Amino acid sequence: MTVMMNTPPAPSSDSATARPSAAERHGVLDMPSLEYTDEVAREMAPLYAKVEKVIPPIEWPFFAPLIKAINELKVKRNAVILAHNYMTPEIYHGVADFVGDSLQLAREAAAADADIIVQAGVHFMAETAKLLNPDKTVLIPDTEAGCSLAESITAADVHRLRREYPGVPIVTYVNTSAAVKAECDICCTSANAVQVVESLGARKVLLVPDRFLAANVNNQTDVEVIPYQPGRCEVHERFTAEELNDYRAAHEGLKIIAHPECTPDVLKAADYAGSTSGMIKWVQDNAPEKVMMVTECSMSDNVAVENPGVDFIRPCNLCPYMKKISLGNILDSLVFMKHEVTVDPKIAGPARKAVERMVQLNI
Ligand code: 13P
Ligand code: SF4
């Protein structure tokens, strides 16, 4: 497995531009009480009844006051929390205003009616929200919430590809920095990659940076999809077709659904492949007796809450970047207004165009 350094750009350097910081613009609030009183227990009991199968009782007295405090702070701040499907259940079911895959979160960001957006996800998602909301304050609760795919490619790599493949359009997976998006023609997500590639009307298209997504899209279209070899997701590349076949042999009637960041062999061994929200919809539509979601761990917990009749077989690959986000640092982000995500105005314009082109395709 390739271990990549993951250092997303520092979210904000307001002092460099002499712009008031988010804390100066919005103010800092008092830290709310986090005591687990009888009143808190009573108020939060309906939520616990919903999530009790995936949150152990010993953790609830710690989570419940945080959830209550965050939900109250959101109202005070006129803030929304956009949470990716990989967030842990206490975030996903407790404090998120919108949950979804990257495409849905980008759409929600574009429509957000709030002064502040807190991105419970990774840095490229927060940057995408900022691109679509230049006038809003976008916060990420932990600056180390990066992504091995986003880290695998730079704007200079895209320049080199342009020279190597003159005239070939470049589609960038949304899991990239704004600097990379600014050099590409259009963005895509795992939910719409095939349609975006085909929308360009070209015979050949470069799809960066995930080499496995590119290979999987190539298998579904007549367009020649050229991959960028170094790019891969360190979570999904670990699953193997052999492992899937072993699970199938051990669990009669098991349905296997996989994310397209997995290898083509894994997708061949699966019954369905789709974005994280595509996988959720598949479970809702098909109501399988037993299912295995070949993706990040928290997905099964989150989906199990809403599909109590389905038995989830859970191989567990954690995304260490997604797991940087916790109720504790979401609370801090709303109290102290940290960490603000900004995008260099020189790259924001072209990067926004690449994202907007995708959003406007409406696919
Ligand atoms: P989705 O857009 O399918 O949610 O994928 C995002 C991601 O980072 C998966 O690893
Ligand atoms: Fe990036 Fe993979 Fe984590 Fe998704 S699961 S955020 S692609 S490292």
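Modeller: What follows starts with the model as a whole, turns to one strand and its partners, and ends with the surroundings.

Residues are numbered from 1 along each chain as its sequence is written, while chains are lettered from A and ligands numbered from 1 in the order in which they are written. The model is predicted, and for that reason local features are given only at pLDDT of at least 70 and side-chain atom pairs only at pLDDT 80 or more, whereas totals for chains, interfaces and linings use all residues.

The protein has 18 helices and 12 strands, where helices (H or I, at least four residues) and strands (E, at least two) are DSSP runs numbered from the N terminus. Its C-alpha trace spans about 65 × 60 × 35 Å along the principal axes. A compact globule of 363 residues would have a radius of gyration near 21 Å, and the protein, with 21 Å, agrees with this; the radius is taken over C-alpha atoms, and the globule rule is 2.2 Å times the number of residues to the power 0.38. Of the 363 residues, 49% count as buried, a residue being buried if 20 or more other C-beta atoms, placed from the backbone, lie within 10 Å of its own, exposed if 12 or fewer do, and partly exposed in between. Of the contacts with a separation of 6 or more, 68% are between residues 24 or more positions apart; a contact requires C-beta atoms, placed from the backbone, within 7 Å of each other.

Strand β5 pairs in the parallel sense with β7 over three bridges, pairing being assigned when DSSP finds at least two bridges between two strands. Within this pairing, T172 stands opposite V208 in β7. Strand β5 also pairs in the parallel sense with strand β6 (residues 186–188), again over three bridges, and here the bridge partner of T172 is C187. From β5 the chain crosses through helix α10 (residues 178–183) to β6 in a right-handed β-α-β crossover, meaning that, with the strands pointing away from the viewer, the path from the first strand over the helix to the second runs clockwise.

From β7 (residues 204–208), four bridges lead on to β8 (residues 224–227), and these two strands run parallel. L206 has I226 in β8 as its bridge partner. The chain passes from β7 through helix α12 (residues 211–218) to β8, and this β-α-β crossover, too, is right-handed.

Strands β9 (residues 255–258) and β11 (residues 290–294) are joined in the parallel sense by four bridges, with I256 opposite M292.

The shell of ligand 1 consists of N85, D101, S102, N175, T189, S190, C233, H259, E261, S275 and T276, a residue being counted as near if its C-beta atom, placed from the backbone, lies within 6 Å. By class, this shell holds one nonpolar, eight polar and two charged residues, with Ala, Val, Leu, Ile, Met, Phe, Trp, Tyr, Cys and Pro counted as nonpolar, Asp, Glu, Lys and Arg as charged, and the others, Gly among them, as polar.

S277 lies in helix α15 (residues 276–286) and is partly exposed, with 19 other C-beta atoms within 10 Å. Leaving aside residues up to four places away in sequence, S277 touches N85, G100, D101, Q104 and A191.

In helix α7 (residues 123–132), 10 of 10 residues are buried, among them F124, M125 and L131. E151 lies in helix α8 (residues 148–151) and is buried, with 22 other C-beta atoms within 10 Å. K346, in helix α18 (residues 345–361), counts as exposed because it has 10 C-beta neighbours inside 10 Å.

Methods. Contact = placed C-beta atoms within 7 Å.
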